[in-house]
Amino acid sequence: MRFDHAGVATENAESLAFRYEDIFGCDIAHEERFGDLRVIFLELENGYFELLEPQEEGTISKYLENNGPGLHHIALETDDIDAALERAESAGVELIDEEPRPGAWGHDVAFLHPKSTGGVLIEFVEH
């Protein structure tokens, strides 16, 4: 597996994207509206920042209400998401997604429950 991205919950993805461009010298690689979110990916040499701005009520808006802006999840790229889920489940990890589902940028994704991963929400991404 390889690091893919860090998902950051924010109230204003565009403003944070401009800030990160200034701070880190990175560029916007991809933008889309996905479900109830505006999503902006900023490309770094070895991965991305994924900025998640809610456009309506949903998971990220609830996250922001409860926790405020900040790191939401870490994503790992895998060539075989089904095998990655099987391995995690065999290791005793509670799966949020037992089957991959469509994610941003057209990728298949699946999440692992943070109570099984040291308090960190982990996403598997298959490109």
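Two strands count as paired if DSSP finds at least two bridges between them. Strands themselves are DSSP runs of E with at least two residues, helices are runs of H or I with at least four residues, and both are numbered from the N terminus. The model looked at here is a predicted one, so local features need pLDDT of at least 70 and side-chain atom pairs count only at pLDDT 80 or more, while totals for chains, interfaces and linings use all residues. Residues are numbered from 1 along each chain as its sequence is written, and side-chain values use heavy atoms, with hydrogens and water left out.

Start with the sheet. Eight strands make up an open sheet with mixed pairing, in the order β2-β3-β4-β1-β5-β8-β7-β6. At the edges stand β2 and β6, each with a single partner strand, so one side of each has no neighbour in the sheet.

Further in, β1 sits between β4 and β5 in that order. With β5 it runs antiparallel, and 7 bridges hold to that pairing. Two examples are A9, which stands opposite G70 in β5, and F3, whose bridge partner in β5 is L76. Next along, β5 and β8 are joined by 4 bridges and run parallel, and E77 has V125 in β8 as its bridge partner.

How enclosed is all this? A residue is called buried when its relative accessible area is under 20%, exposed when it is over 50%, and partly exposed in between (1.4 Å probe, protein chains only). In β1, 6 of the 8 residues are buried, so the strand is largely enclosed by the rest of the structure.

Now for the charged pairs. A salt bridge is a side-chain nitrogen of Lys or Arg within 4 Å of a carboxyl oxygen of Asp or Glu, and the model has 7 salt bridges by that rule. One of them joins E77 and R2, at 3.3 Å from N to O. E77 belongs to strand β5 (residues 70-77) and R2 to strand β1 (residues 2-9), so the pair ties together parts that are 75 residues apart in sequence. E77 is buried at 17% relative accessibility, whereas R2 is partly exposed at 39%.

Another salt bridge links R33 and E56, with the closest N and O atoms 3.0 Å apart. R33 is in strand β2 (residues 27-34) and E56 in the loop between β4 (47-54) and α2 (59-67), so this pair connects parts 23 residues apart in sequence. E56 is partly exposed, with a relative accessible area of 46%.

A further bridge brings E53 and R38 together at 3.9 Å, N to O. E53 is in strand β4 and R38 in strand β3 (residues 37-44), so to speak distant parts of the chain, 15 residues apart. E53 is buried at 12% relative accessibility, while R38 is partly exposed at 23%. Salt bridges with shared partners also join R2, E77 and D79 into one network.

A pocket is found on a 1 Å grid over the protein atoms alone, as an open set of points where a 1.4 Å probe fits, with protein on both sides within 12 Å along at least five of seven lines; lining residues have an atom within 4 Å of a point. The largest pocket has a volume of about 430 Å³. Among its 25 lining residues, F34, L37, R101, F111 and E123 are the closest to its centre. The largest share of the lining, 3 residues, comes from β3.

Definitions and conventions: Points joined across faces, edges and corners; volume = space filled by probe spheres on them.
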